[in-house]
Every structure is written in C-alpha cells, then in structure tokens.
Amino acid sequence: MTENHVTEHATTDPAAAVGTRIEAGQDLATLINVFTVRPERQAELVALLSQATQEVMRQIPGFVSANLHASTDGERVVNYAQWESADAFRAMLVNPVAQEHLTRAAELAESYEPHLYTVAAVHHI
C-alpha cells in the first residue's frame, strides 16, 4: 500500500480518517460485545459482523469505528465499537436494517453480552 493510497482512502472515508482512538475522557460511547460461539462458527460470525459493519453500521449516523477480535481458542468474538453517543448507539439498535444483521449474529452465537462503557484509563509503554 502506497502512502498516496492511504491518503486517498482517508480523504474519501471519514470513518477511516478518524479510526479508533482509545483515550480516557473521550465523549464517546464504547460498545464491548462478547459473543460466545462454537469454534466451527467463529469465522462465520466474524465474517457476518465485518460485512454488517462495512455495509450497514458505517452508514448509520453516530458510528465512529468497530474492531472485531477472534479469540485464539475459537470460542469468542469480541466487537469493540465506538459511537458518538449512547443515543446514537440506541438509535442503531432500532434501525430495521441493522436489526437484521444483529439477529443473524445472535443466531450464530451461543450467547452474547453487549454493554456500553467509557474509557477509564489507558496505559502505554
């Protein structure tokens, strides 16, 4: 990937330009959703969540970023997403197109635990 390509992408994609910023005191709502999944379905769930984010969530007002994490044991998928506010997150939950994807993700998972958080502290080397 060339520097020029990165610049073009950041210019044409506002969400990519902002990206995920994990900083204490941000005025953002952070969703951490831990899905428990059978190992043979983990890749399918990651693909579904990735597709839903790319095609739907990014278009919903208030979306900032999403990061998907697959556990190395194959039993969990974690979605770390940022929204401009808790109200923006709640509006996404009642969006009919978003609900379709959320329902499909819930069907793939054995269980899921979505909660909103604020960043309390960040430490770096």
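Trainee: At the start of helix 5, which backbone nitrogen does a side-chain oxygen of Asn95 reach?

Mentor: The side-chain oxygen of Asn95 comes to within 2.9 Å of the backbone nitrogen of Val97. A polar contact is a pair of N or O atoms within 3.5 Å; within protein, one must be able to donate a hydrogen and the other to accept it, and residues adjacent in sequence count only if both atoms are side-chain atoms. Please note that this is a predicted model, in which local features need pLDDT of at least 70 and side-chain atom pairs count only at pLDDT 80 or more, while totals for chains, interfaces and linings use all residues. Residues are numbered from 1 along each chain as its sequence is written, and side-chain values use heavy atoms, with hydrogens and water left out.

Trainee: How many helices and strands are there in the protein?

Mentor: Helices (H or I, at least four residues) and strands (E, at least two) are DSSP runs, numbered from the N terminus. The protein has five helices and four strands. Their order from the N terminus on is α-α-β-α-β-β-α-α-β.

Trainee: Which residues of helix 5 are buried, and which are exposed?

Mentor: Buried means under 20% relative accessible area, exposed over 50%, and partly exposed in between (1.4 Å probe, protein chains only). In helix 5, Ala98, His101, Ala105 and Leu108 are buried. They cover an arc of only 85° around the axis, which puts them on the same side of helix 5. The arc is that of the directions from the helix axis to the C-beta atoms. On the other side of helix 5, Pro96, Glu100 and Glu107 are exposed.

Trainee: What covers the buried residues of helix 5?

Mentor: Here we look for contact, meaning heavy atoms within 4.5 Å. The cover of the buried residues of helix 5 includes strand 1 (29–36), helix 3 (42–55) and helix 4 (86–93). In the protein, 75% of the contacts with a separation of 6 or more are between residues 24 or more positions apart.

Trainee: Which residues of helix 3 are buried?

Mentor: The buried residues of helix 3 are Gln42, Leu45, Leu48, Leu49, Ala52 and Thr53. They cover an arc of only 130° around the axis, so they are on the same side of helix 3. Strand 1, strand 2, strand 3 and helix 5 are included in what covers them.

Trainee: With what is Gln42 in contact?

Mentor: Gln42 has a relative accessibility of 12% and therefore counts as buried. Leaving aside neighbours within four places in sequence, Gln42 is in contact with Val37, Ala70, Ser71, Gly74, Glu75, Arg76 and Val77. A polar atom of the Gln42 side chain lies 3.1 Å from the backbone oxygen of Ser71.

Trainee: Is Ser111 buried, exposed or partly exposed?

Mentor: Ser111, which lies in strand 4, counts as partly exposed at 33% relative accessibility. Leaving aside neighbours within four places in sequence, Ser111 is in contact with Val34, Phe35 and Thr36.

Trainee: How does one find empty space in a structure?

Mentor: Rolling a probe the size of a water molecule over the atoms shows where empty space is left. On a 1 Å grid over the protein atoms alone, a cavity is a set of points where a 1.4 Å probe fits but cannot get out, and a pocket is an open set with protein on both sides within 12 Å along at least five of seven lines; lining residues have an atom within 4 Å of a point. The largest pocket holds about 360 Å³ of space. Of the 23 residues lining the largest pocket, Leu31, Asn33, Phe35, Met92 and Leu102 lie nearest its centre. Helix 5 gives the most to this lining, with five residues.

Trainee: Which residues line the largest cavity?

Mentor: The lining of the largest cavity consists of Glu23, Gln26, Leu28, Thr30, Gln82, Thr118 and Val119.

Definitions and conventions: Points joined across faces, edges and corners; volume = space filled by probe spheres on them.
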